[in-house]
Amino acid sequence: LTVPPQKKKLRIQKLADFVRSDDFMRTDVGNGDGWRKIWGAWRTLSNPRAVASPNPFKCIGAVRYDKPAVIIMGYRFWNHYDLSTSLKPSVTGTAGLIFSWRGPKNFLKAVVTAPDSGGSKVILSQVRDGRETVLGSAPILDAVGRWISLQVTNREGVAIRVSINGV
């Protein structure tokens with residue numbers, strides 16, 4: 001059987017501003033809501049004192065089988081975006097954003113560390129072929145037990161910007 005070469009059809013991806021926000025006002029996350037659980041155990045919680053909290057609902061990930069808690073959303077072709085999340089780091093670990101996900105061994109991440117690892121810091125890292133390289137870091141005020149805002153700005157061909165509370 002011989003098949004003549006096929007001409008490739010040009011495909012166009014429509015471009016428009018895309019805004020995604022999530023208040024996690026539900027009992028489960030990662031089941032048809034745009035989020036995909038990669039590692040860890042994930043759940044949503046509501047604050048019984050919601051009136052007194054800036055974040056009455058939250059999504060919490062826990063380490064499972066020695067893997068960090070990772071949940072993602074988006075598409076591989078995204079290369080121009082702003083991410084923002086509210087975090088309340090614990091004493092024992094890190095919390096942050098994973099972005100430019102290409103698989104479990106290839107991604108970028110911005111994390112806030114706890115003081116037991118030498119003082120609170122924000123760290124931007126690249127994981128390529130499973131090996132992590134720190135691209136930059138900066139000390140920040142102690143973040144443990146406080147709500148902070150972590151933002152990442154990623155534009156193709158431009159340096160990645162990571163900020164805490166807008167700074």
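Two salt bridges turn up in this structure, which is a predicted model. Here they are side by side:

| Salt bridge | N to O distance | Strands |
|---|---|---|
| Arg155 and Asp82 | 3.2 Å | E10 and E5 |
| Lys109 and Glu132 | 3.4 Å | E7 and E9 |

Take the Arg155 pair to start. Its closest N and O atoms sit 3.2 Å apart. How open are the two partners? Arg155 has 21% relative accessibility and so counts as partly exposed; the cut-off for buried is under 20%. Asp82, with a relative accessible area of 51%, is exposed, since that label needs over 50%.

Now for the other pair, where the side chains of Lys109 and Glu132 meet at 3.4 Å, N to O. Again, distant parts of the chain get linked: Lys109 is in strand E7 (residues 106-113) and Glu132 is in strand E9 (residues 131-139), 23 residues apart. Glu132 is partly exposed, at 45% relative accessible area.

Back on strand E10, which covers residues 148-155, there's also Asn154. Leaving aside residues up to four places away in sequence, Asn154 touches Asn79, His80, Tyr81, Phe99, Ser100 and Ile160.

Key. Residues numbered from 1 in each chain as written. Predicted model: local features only at pLDDT ≥ 70, side-chain atom pairs only at ≥ 80, totals over all residues. Heavy atoms only, no water. Helix = DSSP H or I, 4+ residues; strand = E, 2+ residues; numbered from the N terminus. Contact = heavy atoms within 4.5 Å. Salt bridge = Lys/Arg side-chain N within 4 Å of Asp/Glu carboxyl O. Buried < 20%, exposed > 50% of the residue type's maximum accessible area, 1.4 Å probe, protein only.
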